[in-house]
Amino acid sequence: MTNSSLDPRIRRIDLEHVKNGVAPTNSHWITFEVFHQDKRGKQPIHVGIVHAPSPEIALMFAKEQYARRKETSNLWVVKSSEVYTFAPEDDDIFETTPEKTFRDPGFYKVRDRIEAYKNKTS
Amino acid sequence: MKNLLLKMADDALIIGHRNSEWTGIGPVLEEDIAFSSMSQDKIGHAWALYRILNEELGGGDPDMVAFNRAAKDFTCCHLVEYPAGEYDFSLVRHFLMDKAEYHRYNLLLQSSFVPLANLAKKVKGELKYHVMHAETWMRQLANGSEESKARMQTALNIAYPIAFSLFEKQEDEAQMIADKVFVGEDALLSIWQEDVHNAIESYGLKVPTNFDSAPFMGGRKGYHTEYLEPLLKEMTEVFSIDPNAEW
């Protein structure tokens with residue numbers, strides 16, 4: 001059954017036409033990841049998503065949703081499907097990272113200062 | 001010169017109110033927000049112009065001028081008065097009007113009247129975005145489905161002849177041109193036509209021909225469509241309850 005919502009973002013899956021377990025595609029607007037840059041030269045920061053039929057419209061929607069009030073230098077939109085990531089079940093790769101404090105440069109800085117202080121007082 | 005500022009302000013105020021009718025019922029939430037913020041921008045432009053009239057040219061208090069005048073004292077053009085209609089009409093009107101606004105303010109950057117030139121500089125970026133928004137949707141819908149293309153063409157056929165009301169001349173035009181306040185409506189019209197025609201053709205739509213714009217003239221002299229009076233009534237409803245209220 002086709003349930004065509006009045007909202008163009010949500011045209012629900014056409015279950016009658018599922019072939020080999022695959023529902024007809026292109027019935028939804030595209031999801032874009034939005035990155036906001038507050039000053040020229042600074043890193044764009046991921047702020048959320050928008051749904052839009054094209055990158056041009058995604059950029060406009062991003063302006064309205066994420067750059068209405070705060071200081072903005074630029075916005076990026078990237079199709080979510082273009083973002084290549086680790087599989088969720090591979091998160092064990094990162095399991096022991098928090099233990100490796102020796103990789104934290106802040107750790108050494110503080111150590112040095114503590115040592116310096118100790119040497120001064122002793 | 002007062003005439004120029006007043007008609008620009010009235011156009012901005014009326015289209016700002018008209019387009020704000022989409023707030024809450026726009027086609028999708030994000031577009032609803034986009035159309036609403038552009039309406040707010042227009043009201044902002046109107047306010048800035050009424051303020052220049054008030055502070056520099058001896059005009060009345062901006063709130064009073066905006067909310068306490070009879071329809072015949074408004075000099076907005078017919079294009080801004082027409083009802084919002086379906087979204088296709090509102091979009092095409094937005095495209096035709098903001099192209100004109102963009103070029104008008106662009107020309108006013110060179111105005112000998114400094115407050116106006118300063119305002120033109122200030123709103124440049126806003127109008128660039130308004131045009132970008134309009135063009136993006138025109139391109140999208142003209143190249144969408146068969147239905148969307150037909151609807152855009154139909155809306156264009158209706159709105160295009162009315163859009164010429166934007167360029168209706170006023171009595172003091174020659175003086176204004178001589179004083180280098182503004183290059184005049186004819187100069188603006190030819191820039192607008194060239195730009196709009198190129199754009200329309202690039203979307204694969206047709207520029208309407210064989211039309212008569214005469215019935216849509218008169219707004220600049222206070223002769224309005226039947227749609228202005230009800231709009232003003234709604235717009236000034238709260239103000240009229242107590243015109244002297246402090247906000």
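Reply: Happy to! First, some bookkeeping. This is a predicted model, in which local features need pLDDT of at least 70, side-chain atom pairs count only at pLDDT 80 or more, totals for chains, interfaces and linings use all residues, and side-chain values use heavy atoms, with hydrogens and water left out. Residues are numbered from 1 along each chain as its sequence is written, while chains are lettered from A and ligands numbered from 1 in the order in which they are written.

Let's begin with E81(B), which sits in helix α4 (residues 78-81) of chain B. Helices here are DSSP runs of H or I with at least four residues, strands are runs of E with at least two, and both are numbered from the N terminus. E81(B) is buried but has no salt bridge, and R18(B), the nearest side chain of opposite charge, is 7.4 Å away. Buried stands for under 20% relative accessible area, exposed for over 50%, and partly exposed for what lies in between (1.4 Å probe, protein chains only). A salt bridge needs a side-chain nitrogen of Lys or Arg within 4 Å of a carboxyl oxygen of Asp or Glu. For the charges, Lys and Arg count as positive and Asp and Glu as negative, with His and the chain ends not counted.

What does the side chain of E81(B) meet in polar contacts? One partner is the side chain of H224(B), at 2.5 Å, and another is the side chain of T225(B), at 2.6 Å. A polar contact is a pair of N or O atoms within 3.5 Å; within protein, one must be able to donate a hydrogen and the other to accept it, and residues adjacent in sequence count only if both atoms are side-chain atoms. If neighbours within four places in sequence are left aside, E81(B) is in contact (heavy atoms within 4.5 Å) with residues including I14(B), R18(B), C76(B), R93(B), Y227(B) and L228(B).

R18(B) has a salt bridge elsewhere: its side chain meets that of E21(B) at 2.8 Å, N to O. R18(B) counts as buried at 7% relative accessibility, whereas E21(B), at 30%, counts as partly exposed.

Next comes R69(B), in the loop between α3 (62-67) and α4 of chain B. R69(B) counts as buried because its relative accessibility is 18%. Polar atoms of its side chain lie 2.6 Å from the backbone oxygen of V65(B) and 3.1 Å from the backbone oxygen of D73(B). Not counting residues up to four places away in sequence, R69(B) touches L6(B), D10(B), Y50(B), M64(B) and F74(B).

Another pair in chain B is E185(B) and R104(B), whose side chains form a salt bridge of 2.9 Å, N to O. E185(B) lies in helix α9 (residues 185-202) and R104(B) in helix α5 (residues 87-108), so the pair ties together parts that are 81 residues apart in sequence. Both E185(B) and R104(B) are buried. Elsewhere, salt bridges with shared partners join E86(B), D88(B), E147(B) and R151(B) into one network. Over all chains, the rule gives 18 salt bridges.

V28(B), E30(B) and Y129(B) supply 43% of the area that chain B buries against chain A, more than any other three residues. Buried area is the accessible area (1.4 Å probe) that two parts lose on being put together, summed over both.
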